[in-house]
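Subject: Structure handover

Hello,

Here is the structure I said I would pass on. My notes follow it.

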Amino acid sequence: APRRSLVTGQCNILMGLPADPAAQTAAALAPTTPPYSTGYRLIGALQRSIATSPTDLRNARIGVERQSGAHMRLEKIGSDLVAYGNQREVLDAVALGEVDARAVWLTDIDRLLQGRVLAVRALINAAPDEPLRWNMAIGVRSADADLHAALNRAIGDLDAEGRIEAIFARYDVPHFPPFADR
């Protein structure tokens, strides 16, 4: 619905547009230069990241939140998935041994692993796992070239001044610069 609002002119920009071929950005939308990236980490019973080769991801039984980005991406590569209603249920499934690992949204790591200080410290600044990461941009209608250019200039200026990273730090959210491979 938000993309439709942008394309139909009900709004001028769409914050948080995945700038990723897997997101199937409509031709009517032009993503800006990505100011940051995001994604998921695969966390095992010992709160350690597991291997993420295609073979590992197909052989491990992975708990995911239903209809999440991790669910959709891992399903595409044929992973053995168990879908749960929310991230807390996925965490419980690992603890009970129902799954080998869980995909955790990076901004939720601190909250979900509360009380496990060492695990949080080890993971909070860890980049998203390769198949579970993407860059985020601001979406603009392709026809709005001037707005697109202005937003790209603003993103460049904010990034050069360190203000994008500072915004993330203010809210205690890990900041990951855009991935060059995306």
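A residue is called buried under 20% relative accessible area, exposed over 50%, and partly exposed in between. Asp144, at 22%, is therefore partly exposed. Its salt-bridge partner is Arg141, with the closest N and O atoms 3.1 Å apart. Arg141 has a relative accessible area of 17%, so by the same cut-offs Arg141 is buried.

Please keep in mind that this is a predicted model. The mean pLDDT of the protein chain is 80, and 79% of the residues reach 70 or more. Among the elements, helix α7 (residues 145-160) has the highest mean pLDDT, 97, while helix α6 (residues 117-123) has the lowest, 40. Over residues 116-124 the pLDDT stays under 50. For that stretch the model has 17 contacts beyond four places in sequence.

Salt bridges

How many salt bridges does the structure hold? There are three, and the pair Arg141 and Asp144 is one of them.

Another joins the side chains of Arg61 and Asp80, at 3.6 Å from N to O. Arg61 lies in strand β4 and Asp80 in strand β5 (residues 80-84), so this pair ties together parts that are 19 residues apart in sequence. Both ends are partly exposed: Arg61 has a relative accessible area of 34%, and Asp80 has 32%.

Arg163 and Glu161 also form a salt bridge, their closest N and O atoms being 3.3 Å apart. Here Arg163 is partly exposed at 46% relative accessibility, whereas Glu161, at 52%, counts as exposed.

In soluble globular proteins, nonpolar side chains tend to be buried together. In this model the largest nonpolar core has twelve residues: Tyr40, Leu42, Leu57, Ala60, Ile62, Val64, Ala70, Leu74, Ala103, Leu132, Trp134 and Met136. Two or more of these residues come from each of strands β3 (36-44), β4 (61-65) and β7 (133-141), and from helix α3 (69-76).

Which residues does Ala103 contact, leaving aside neighbours within four places in sequence? The list is Tyr40, Arg41, Leu42, Ile62, Gly63, Val64, Ala70 and Gln87. Of these, Tyr40, Leu42, Ile62, Val64 and Ala70 also belong to the twelve-residue core.

Regards

Methods. Residues numbered from 1 in each chain as written. Heavy atoms only, no water. pLDDT = per-residue confidence, 0-100. Helix = DSSP H or I, 4+ residues; strand = E, 2+ residues; numbered from the N terminus. Contact = heavy atoms within 4.5 Å. Core = buried A, V, L, I, M, F, W, Y, C linked by side-chain atoms within 4.5 Å. Buried < 20%, exposed > 50% of the residue type's maximum accessible area, 1.4 Å probe, protein only. Salt bridge = Lys/Arg side-chain N within 4 Å of Asp/Glu carboxyl O.
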